[in-house]
Amino acid sequence: MTPPRNSNAARDIAYALHPYTDHKAHLQNGPLVISRGKGVRVFDEQGKEYIESVAGLWCASLGFDNERLVQAAADQMRKLPFYHAFTAKSHEPLIDLSEMLIERAPSPMSKVFFANSGSEANDSAIKMIWYMNNAIGRPEKKKIIARLKGYHGITLAAASLTGLPANHKLFDLPLSGFHHISTPHHYHNAQPGESEEDFATRLAEELEQKILAEGPETVAAFWAEPIMGAGGVILPPAGYFPKIQAVLKKYDVLFVADEVICGFWRTGSYWGSQTLGIQPDILVCAKALSASYLPISAVMVSEQVFQGIAEGSSSVGTWGHGFTYSGHPVPAAVAIETLKIYDEMDIGGHVKRVGAHMQAQLRARFADHPLVGEVRGTGLIGAIELVADKATKTNFDPGQKVGGRLTKLGEENGVILRAMTNDSIGFSPPLIITEEEVDEMLNRVAKSLDEVMVQVRRESIAAV
Ligand SMILES: Cc1ncc(COP(=O)(O)O)c(C=O)c1O
């Protein structure tokens, strides 16, 4: 349907180039224009209401109308709307936020560097590691190992860490020196009868073999999300990270935890690293750091990494890295207020309670559904994976776009959903969601899933 001339939709089609969109399809279908938000809900320009089951992009942790964050931004804009951190300049929001993050880190951290996005933070961390290894006299130690289906962003180096085909195809990526090992997904990748522990042991052995094959003196770092988000909300098997970390220690390989989704209570602990038993050398965070009201990301580094960077900067005369907006005072002020709100409202206690309810409800409603192969998650992050054949764990043909159909029907039924690879539907609502709102959200999902069921039965594309 062609949107009316000069409507928002028509102008969007005419002028906007959207991230993660099939542009030819968009010319036909146009956008969903969201105009305002309240609590866990957003409203389109016609006033239709939707529950945001993924908090936008796993990020609007305090919902869509937090006045304290608005006030924090306004106050900071009046006081000091911009200042930078180059050449040893500083300002209070940057200093306060740095201190707050170091105090909250899951393992001993020394310094914080700020960027604007998760991708920039990951790129910065890669550059820090390369720089450090050059500075301390091991220039060959540069390779990075990440995981298939991991998501770390889209700038050149971050996209090279990412292990998803859509981020590599036609982009001439990954860059050389970036390697990917297996996805730690027991449901699909374990051998018949293999326990979670045994699967975890096998994955740690795979990592060790990879390091040995490349040469330990050439491998600098391992990158992982505690729980893979965009790859489909994949929780590792029991014991996975401690086994992985033991291998890394043996070969002096740094562990970089990408906490861009998992950080700030999403998994039921302050950091996903705590939920999953990781002691990172470098921690990358963003999104819920500022409840996403303004863009800001951070890289925390251990004393060892800092010393390497310091060494290099002193020999070169400067550390030639930093963004105009690194530690921008307005997003930094919003992030400070966000962290205070988390503490004051005991958002951790809330996530533990409501997360347990969401997990129980996801399982109660969907585990036995004929189209659902696996229900997974912890805290306020979860997923249901749709399958064509539950007995054989066979996914639908991607061309059938079954996850996309659920998303579309979800929109009609008042819930914004996120479909990922293998038709996994992710849930990562604002952390402030209540038990009643979880039920309302899942009622809408269940209705949409039953409508998908009618379609796939009619088309005979599932064993149901
Ligand atoms: C784990 C993880 N790392 C990095 C990123 C990239 O962040 P950004 O989109 O802000 O560049 C994302 C984005 O979703 C993410 O989920």
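Strand β8 (residues 254-258) has five of its five residues buried, where buried means under 20% relative accessible area, exposed over 50% and partly exposed in between, with a 1.4 Å probe and protein chains only. Leu 254, Val 256 and Asp 258 point one way from β8, while Phe 255 and Ala 257 point the other way. In a regular strand the side chains alternate between the two faces of the sheet.

This is a predicted model, in which local features need pLDDT of at least 70 and side-chain atom pairs count only at pLDDT 80 or more, while totals for chains, interfaces and linings use all residues. Residues are numbered from 1 along each chain as its sequence is written, and side-chain values use heavy atoms, with hydrogens and water left out.

**Strands and sheets**

- Helices (H or I, at least four residues) and strands (E, at least two) are DSSP runs, numbered from the N terminus. Two strands pair if DSSP finds at least two bridges between them.
- Strand β7 (residues 219-224) runs parallel to β8, and four bridges join the two. Ala 221 stands opposite Leu 254 in β8.
- β1-β2-β3-β13 is the order of an open sheet of four strands with mixed pairing. β1 (34-38) and β13 (415-416) stand at the edges with a single partner strand each, so one side of each is left without a neighbour in the sheet.
- Within that order, strand β2 (residues 41-44) and strand β3 (residues 49-52) pair in the antiparallel sense over three bridges. Phe 43 stands opposite Glu 49 in β3.

**Around β15**

- From β15, Ser 424 and Gly 426 point one way and Ile 425 and Phe 427 the other way, and all are buried.
- Strand β12 (residues 381-386) pairs with β15 in the antiparallel sense over four bridges, with Ala 383 opposite Gly 426.
- β14 also pairs with β15 in the antiparallel sense, over three bridges. Gly 426 in β15 is the bridge partner of Arg 418.
- The hairpin of β14 and β15 has three residues between the strands. Asn 422 is found in this loop, between β14 (418-420) and β15 (424-427).

**Backbone points to check**

- Asn 422 is partly exposed, with a relative accessible area of 27%.
- Ser 460 is not a glycine either, and has a positive phi of about 50 degrees. Ser 460 lies in the segment after α16 (435-459) and counts as exposed at 61% relative accessibility.
- Leu 173 and Pro 174 are joined by a cis peptide bond, with omega about 5 degrees. Pro 174 lies in the loop between α7 (156-161) and β6 (178-181).

**Nonpolar cores**

- In soluble globular proteins, nonpolar side chains tend to be buried together. Here a nonpolar core is a set of buried Ala, Val, Leu, Ile, Met, Phe, Trp, Tyr and Cys residues joined through side-chain atoms within 4.5 Å.
- The largest nonpolar core has 66 residues, of which Leu 97, Leu 101, Phe 264, Leu 289, Ile 384 and Phe 427 touch the most other members.
- A second, separate core of 32 residues includes Ile 145, Phe 222, Tyr 240 and Ile 244.

**Leu 406 in α15**

- Is Leu 406 buried or exposed? Leu 406, found in helix α15 (residues 402-412), counts as buried at 0% relative accessibility.
- Not counting residues up to four places away in sequence, Leu 406 touches Leu 386, Leu 417, Ile 425, Val 445, Ser 448, Leu 449 and Val 452.
- Leu 406 and Ile 425 are 19 residues apart in sequence and 8.6 Å apart in space, C-alpha to C-alpha.

**The second largest pocket**

- On a 1 Å grid over the protein atoms alone, a cavity is a set of points where a 1.4 Å probe fits but cannot get out, and a pocket is an open set with protein on both sides within 12 Å along at least five of seven lines; lining residues have an atom within 4 Å of a point.
- The second largest pocket holds about 780 Å³ of space, a volume being the space filled by probe spheres set on grid points that are joined across faces, edges and corners.
- Its lining has 25 residues, and Ala 85, Ala 88, Phe 113, Trp 319 and His 321 lie nearest the centre. α5 (92-104), β4 (111-115), β10 (297-301) and α12 (303-316) are the elements that give two or more residues to this lining.

Notes: Contact = heavy atoms within 4.5 Å.
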